[in-house]
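The points below are grouped by topic.

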Amino acid sequence: NASQELIDLIPLEKIEKEHVAKGEGVKIYLEVTDITDEVTEEDKKLIESEIGDDNVAAYLDITLFKQIGNREAKKIPNTKGLVTITFQVPSELLNRDVSVTRTYKIVRVHEGETSIIDVEFNEDTGEITFETDRFSTYALIYNDVQVEMNQTGDTASAWSWILLMVGVGMVVLYIKMGSVNELENR
């Protein structure tokens, strides 16, 4: 999101607005932390109840911060609109198996409620992009689906060649047999 757009999306308290009006800068930043080893059991259960047959790749804490001037940064639990987030999928979570199609999603747990968020995955860059307006616990999930190899055309083509070659072989054999029979009859 553009800088001014982000400033418009974050809630500012009255005193913060006054500081900004006096020319103090606003710094907005996002921290994404892997909390796979520290995720709460409550959040883990909520996420696992939502994902069905999908697999959890990682549990993440996604926190948005605002800092006015040199003051201490404060967490922003919600924004007034959607913020676009893009991050790199770790290489060990990228699909390398051509017989499988992998799709990714995000599950968000915010104030005890879960939501599944669709993502855009860029295969060229390995990046996931999604939009959210709440910042808390997330899980990157994926699902692998076996690719159905459409071999009907290939199989039919292969069988056609086999039958053609067998047919040609029979004709050649028939001709040769005919030639041998003619020689015997002479």
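In this predicted model, β7 pairs with strand β8 (residues 127-134) in the antiparallel sense, over three bridges. Within this pairing, Phe121 has Ile128 of β8 as its bridge partner.

**The three-stranded sheet**
- β7 and β8 belong to an open sheet of three strands in the order β4-β8-β7, with antiparallel pairing.
- Its edge strands, each pairing on one side only, are β4 (78-88) and β7 (120-122).
- On average, neighbouring strands of this sheet are turned by 20° against each other, direction ignored.

**Pairings of β9**
- Strand β9 (residues 137-146) runs antiparallel to strand β2 (residues 55-68), and six bridges join them.
- Leu60 has Tyr138 in β9 as its bridge partner.
- β9 also pairs with strand β5 (residues 100-110), in the antiparallel sense and over ten bridges.
- Thr137 in β9 is the bridge partner of Val109.

**Nonpolar cores**
- The largest nonpolar core has 25 residues, and Phe87, Tyr104, Ile106, Ile128 and Phe130 have the most contacts inside it.
- Two or more residues of this core come from each of β2, β4, β5, β8 and β9.
- β2 supplies the largest share, five residues.
- Another core, of nine residues, lies apart from this one and includes Ile47, Val107, Ala139 and Ile141.

**Surroundings of Phe87**
- Leaving aside neighbours within four places in sequence, Phe87 is in contact with Leu60, Ile106, Gly126, Glu127, Ile128, Phe130 and Leu140.
- Of these partners, Ile106, Ile128 and Phe130 are, like Phe87, among the residues with the most contacts inside the largest core.

Methods: Residues are numbered from 1 along each chain as its sequence is written. This is a predicted model: local features need pLDDT of at least 70, side-chain atom pairs count only at pLDDT 80 or more; totals for chains, interfaces and linings use all residues. Side-chain values use heavy atoms; hydrogens and water are left out. Two strands pair if DSSP finds at least two bridges between them. Helices (H or I, at least four residues) and strands (E, at least two) are DSSP runs, numbered from the N terminus. Axes are lines fitted to C-alpha atoms, for helices over the stretch in contact, and angles run from 0 to 180 degrees between N-to-C directions. A nonpolar core is a set of buried Ala, Val, Leu, Ile, Met, Phe, Trp, Tyr and Cys residues joined through side-chain atoms within 4.5 Å. Buried means under 20% relative accessible area, exposed over 50%, partly exposed in between (1.4 Å probe, protein chains only). Contact means heavy atoms within 4.5 Å.
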